[in-house]
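Hi,

Here is the structure I promised to pass on.

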Amino acid sequence: MGEKTGIEWADSTANLWMGCTKISPACDNCYAERDFAEFHKMVEWGPHGDRRYVKAGWSLIEKMNRKAAKNNGVDPELGRKRRIFVNSLSDFFDNHKSILPEWRKRAFEIFEACDNVIIMLVTKRPENIAKMVPAHWMERWPDHVWLMVTTEDQIRADHRCSILKTIPAKVKAVSVEPMLGPVDLGEWLPWGCTAPHCPCKTESECMEHGINWVVIGGESGLNARPTNPAWVYALVEQCRQANVPVVFKQWGEWFPYGGIDAEGHQNSRTMGEKPGVWHQWPDGEGFSVRIGKKQAGRYVDGELLDGYPKD
């Protein structure tokens with residue numbers, strides 16, 4: 001947590017409380033539980049562990065907002081609004097009994113007031129959003145509060161995106177990370193009502209209800225599962241067709257054979273050079289080799305994908 005973060009799509013992280021409970025396969029190798037519950041012993045994880053209040057997170061948001069306010073609403077270091085990922089070590093829309101109502105009430109007040117920064121709320125629990133946010137947010141959601149659901153496969157995408165599209169946030173995003181299976185977002189992308197399956201009646205309605213930002217990433221860590229390059233290519237192309245910006249966050253530990261790595265080199269390792277760390281994909285879709293997150297990097301076919309919605 002702090003003014004700077006290694007998370008590729010955020011500038012800062014601010015934790016108002018920490019701790020969570022696993023709810024889907026993406027949570028299996030949770031970095032936050034590993035680092036802050038198991039290693040540092042800072043919080044007890046799971047349904048029986050109380051969420052821990054973090055004082056520094058609240059003041060960080062207000063500090064960054066004041067700094068930008070003195071510079072016509074623009075962060076002086078970035079030349080644009082600062083993107084702050086709130087609760088990177090928990091789920092803001094977790095309904096755990098230890099999260100006091102006054103915490104959430106105060107959080108929404110701060111979010112509304114701090115409109116010189118971008119507040120990024122990320123959740124695997126979109127079913128709780130409408131009943132937790134202030135009632136007037138469902139009529140007029142603050143433009144500077146971006147909303148993202150995370151999903152790792154089509155089952156979770158179908159559930160979480162169908163709820164996300166009903167929330168009137170200006171920026172509705174999906175983080176497909178760790179990508180554990182193919183994900184088709186076509187039903188929720190803003191096609192401008194040109195696609196046969198688009199449920200909207202006008203272009204403006206389509207843009208309002210559609211997902212307008214996508215983050216994609218593989219898994220990192222000791223027990224990381226590989227991401228099929230074919231899944232990544234297909235989703236990137238789908239977003240391009242719908243003119244939706246994409247951030248490719250990382251390949252994670254596993255990298256496609258023949259791809260361009262972080263150093264700009266083609267991955268030409270053979271199974272003999274890296275025995276035991278190869279994963280063969282079905283139907284002639286190639287191989288992935290475990291080379292580590294740092295070397296695997298973020299390139300997709302030699303291109304760095306860093307697309308963002310407008311502030």
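Ala-68 is in contact (heavy atoms within 4.5 Å) with Gly-73, Val-74, Asp-75 and Asn-116, leaving aside its neighbours within four places in sequence. Ala-68 is found in helix H2 and is buried, at a relative accessible area of 1%; buried here means under 20%, exposed over 50% and partly exposed in between, with a 1.4 Å probe and protein chains only. Its C-alpha atom is separated by 7.6 Å from that of Lys-81, which is 13 residues apart along the chain.

Before you load it: this is a predicted model, where local features need pLDDT of at least 70 and side-chain atom pairs count only at pLDDT 80 or more, while totals for chains, interfaces and linings use all residues. Residues are numbered from 1 along each chain as its sequence is written, and side-chain values use heavy atoms, with hydrogens and water left out.

Now the helix pair. H2 (residues 55-69) and H3 (residues 101-113) pack at an angle of about 10°, with axes 10 Å apart. That makes H2 roughly parallel to H3 (under 35 degrees; over 145 is roughly antiparallel, 65 to 115 roughly perpendicular, the rest oblique). Axes are lines fitted to C-alpha atoms, for helices over the stretch in contact, and angles run from 0 to 180 degrees between N-to-C directions. Helices (H or I, at least four residues) and strands (E, at least two) are DSSP runs, numbered from the N terminus. On the H2 side, Trp-58, Ile-61, Glu-62 and Asn-65 meet H3 residues including Trp-103, Arg-106 and Phe-111.

Not counting residues up to four places away in sequence, Phe-111 touches Ile-61, Phe-92 and Trp-137, among others.

Then the sheet: it is open, with seven strands in the order S1-S4-S5-S6-S7-S8-S9 and parallel pairing (two strands pair if DSSP finds at least two bridges between them). S1 (12-14) and S9 (246-250) are the edge strands, and the twist averages 25° from one strand to the next. S7 (residues 172-176) is joined to S8 (residues 213-217) by four bridges. Helix H5 (residues 154-164) lies across S6 (145-150) and S7, at about 160° to S6.

Cheers
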